[in-house]
Amino acid sequence: MRLQCPVPKMDFDVIQLGHGSGGLMTHRLLKSGVFEVLQNEFLREEHDGAIVDLKGKTAITTDSFVVSPIFFPGGNIGDLAVNGTVNDLAMCGAKPQYLTLACILEEGFALEEYWEILLAIREAGKTAGVQVVTGDTKVVEKGKGDGIFINTTGIGLVHPHADIRVSRIKSGDVVVVSGLVASHGMAIMSVREGLEFETTLESDTAPVHDMVWALLDQFGEDIRFLRDPTRGGVASTLNEAASQRKLGIRLEQTQIPMLEEVEGACELLGMDPLYVANEGIFVAIVAPGTADAVVKTLQQFPGGKFASVIGRVVDEHPGQVVLNSSIGGKRVVAMLAGEQLPRIC
């Protein structure tokens with residue numbers, strides 16, 4: 001979806017080195033661009049930082065986004081940055097409140113594209129209920145960047161019942177995934193130069209904190225572990241948990257929710273969807289007695305419609321993830337050795 005909003009009237013069409021100088025050009029870019037789009041009481045102060053008021057246990061996280069291409073089916077680097085950081089907070093059991101936004105722009109980057117990314121940031125922030133309160137803009141010489149890189153830092157209050165730690169995982173616990181696997185990674189790959197193929201796939205980029213908050217409200221400390229399976233996918237996330245906890249995890253292939261189109265694209269490219277990046281789902285490891293209710297709760301949200309139990313924590317094969325395949329076999333799902341494709345998020 002491309003947002004429709006006129007580009008501000010300025011006397012330039014592309015980013016120039018002077019826009020990162022800290023002088024008049026920087027001031028005009030921020031005043032008529034960033035501040036105009038993202039306006040709130042914190043940015044209107046035009047201070048070096050933001051002074052916020054938080055009471056209670058607080059989570060903080062930071063992430064950088066270098067995705068290529070910067071516009072992809074279902075989103076762009078702007079909403080991806082907001083959702084990615086919001087979701088990292090959610091995995092701590094926190095509700096996002098404030099974000100910082102740092103943009104590194106390349107000389108020659110089109111103002112129209114920058115504007116569209118800012119609008120996407122604004123809309124994603126509204127959806128997640130989070131404000132951008134401070135940030136930074138730098139410009140690098142042409143050829144020294146790739147259009148735009150974004151860093152976001154998020155801060156949010158932790159749910160009073162949240163106790164999300166890998167050390168709380170126990171044998172017998174149940175592994176739940178909140179939605180369809182591998183959609184983001186395959187949407188990116190479908191438009192990447194050299195890998196283009198026809199598909200209607202879209203990224204699943206979306207905030208998940210509302211679903212997490214509902215789980216914590218209803219099930220509290222029975223939610224033992226949360227993680228959003230971005231780079232490295234579901235396989236790497238579960239391998240990290242199994243390795244750290246020195247327990248095994250057994251997955252059921254037939255229970256892993258996935259679009260047929262994603263499955264077909266993975267087969268076409270020879271990729272395992274369990275290693276493909278996601279941006280709008282999470283993995284939860286929960287107490288066995290609450291698993292079915294957890295899934296039903298998630299399925300009440302649009303983003304949790306395809307939530308499913310996909311496996312269990314077991315005493316066997318400690319430190320390993322083993323998949324019961326759809327044809328009756330078993331295979332070890334090892335940790336991803338490298339990156340299937342770089343710059344996916």
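In the predicted model, strand β7 (residues 174–177) and strand β11 (residues 308–314) pair in the antiparallel sense, over 4 bridges. Within this pairing, V177 has S308 of β11 as its bridge partner. Both strands belong to an open sheet of 7 strands with mixed pairing, arranged in the order β8-β10-β7-β11-β9-β12-β13. The edges of the sheet are formed by β8 (223–227) and β13 (330–332), each of which pairs on one side only. From one strand to the next, the twist averages 25°.

Rolling a probe the size of a water molecule over the atoms shows where empty space is left. Across the whole structure, the search finds 1 cavity of 30 Å³ or more. The volume of the largest cavity is about 70 Å³. Its lining consists of M189, T230, R231, G232, Y275, V276, A277, L336, E339, Q340, L341 and I344. Classified by residue type, the lining of the largest cavity comprises 7 nonpolar, 3 polar and 2 charged residues.

A further local feature concerns T205, which is found in the loop between α5 (183–191) and α6 (209–219). T205 has a relative accessible area of 13% and is therefore classed as buried, the cut-off for that class being under 20%. The side chain of T205 makes a polar contact with the side chain of N83, at 2.9 Å.

Technical notes:
Residues numbered from 1 in each chain as written. Predicted model: local features only at pLDDT ≥ 70, side-chain atom pairs only at ≥ 80, totals over all residues. Heavy atoms only, no water. 1 Å grid on protein atoms, 1.4 Å probe; cavity = no way out; pocket = protein on both sides within 12 Å on 5 of 7 lines; lining within 4 Å. Points joined across faces, edges and corners; volume = space filled by probe spheres on them. Nonpolar A, V, L, I, M, F, W, Y, C, P; charged D, E, K, R; others polar. Pairing = 2+ DSSP bridges. Helix = DSSP H or I, 4+ residues; strand = E, 2+ residues; numbered from the N terminus. Axes fitted to C-alpha atoms, helices over the stretch in contact; angles between N-to-C directions. Buried < 20%, exposed > 50% of the residue type's maximum accessible area, 1.4 Å probe, protein only. Polar contact = N/O pair within 3.5 Å; in protein donor to acceptor, adjacent residues only side chain to side chain.
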